[in-house]
Amino acid sequence: FHSGARYDNLIRVTTRISDVRSRTLTFEYVITNVETGEKFVTASTKLASLTRDSRLTTLPETLRMVLTHAASYNACQCRSFFRCFIWYPSSSTFSLV
């Protein structure tokens, strides 16, 4: 937490993939005031890949490659590598939308 936002503030949420491992990935977030650039919040979320019975498992190679590529785009400040991707676990495929 850096400072408080008000209800009438226009905010920007910037998200990037900061780390991709065999079983986890980490997202970092920055929330700022669009008009002034004032930083409100910085945060991160670490996600783990789990099986249906909640056991830790490796991320599918194809998905890990896409996420690693996205993380490298983030590192060089490129924008909008993808807006959203849909992962189909039953077929181990994904679609970028």
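# Getting to know the model

Q: Setting aside neighbours within four places in sequence, which residues is Ser49 in contact with?
A: Contact means heavy atoms within 4.5 Å. Once neighbours within four places are left out, the contacts of Ser49 are Arg23, Arg55, Leu56, Thr57, Thr58 and Leu59.

Q: What kind of model are we looking at?
A: Residues are numbered from 1 along each chain as its sequence is written, and side-chain values use heavy atoms, with hydrogens and water left out. Local features need pLDDT of at least 70, side-chain atom pairs count only at pLDDT 80 or more, and totals for chains, interfaces and linings use all residues, as this is a predicted model.

Q: Is Ser49 buried or exposed?
A: Ser49 sits in the loop between strand 3 (39-48) and helix 1 (61-75). Helices (H or I, at least four residues) and strands (E, at least two) are DSSP runs, numbered from the N terminus. Buried means under 20% relative accessible area, exposed over 50%, and partly exposed in between (1.4 Å probe, protein chains only). Because its relative accessible area is 13%, Ser49 is buried.

Q: Is Ser54 buried or exposed?
A: Ser54 is also in the loop between strand 3 and helix 1. It has a positive phi of about 65° although it isn't a glycine. Its relative accessibility is 54%, so Ser54 counts as exposed.

Q: In strand 2, which residue is the bridge partner of Asp19?
A: Two strands pair if DSSP finds at least two bridges between them. Strand 1 (residues 11-20) and strand 2 (residues 24-33) are antiparallel partners over nine bridges, and they form a hairpin with three residues between them. Over in strand 2, the partner of Asp19 is Thr26.

Q: Is Thr32 buried or exposed?
A: Thr32 lies in strand 2. Apart from neighbours within four places in sequence, Thr32 has contacts including Leu10, Ile11 and Phe40. With 13% relative accessibility, Thr32 therefore counts as buried.

Q: Where is the pLDDT below 50?
A: pLDDT is the predictor's confidence in each residue, from 0 to 100. The protein averages 79, and 74% of the residues score at least 70. Where pLDDT is low, the predicted coordinates should not be read in detail. The stretch with pLDDT below 50 is residues 76-84.
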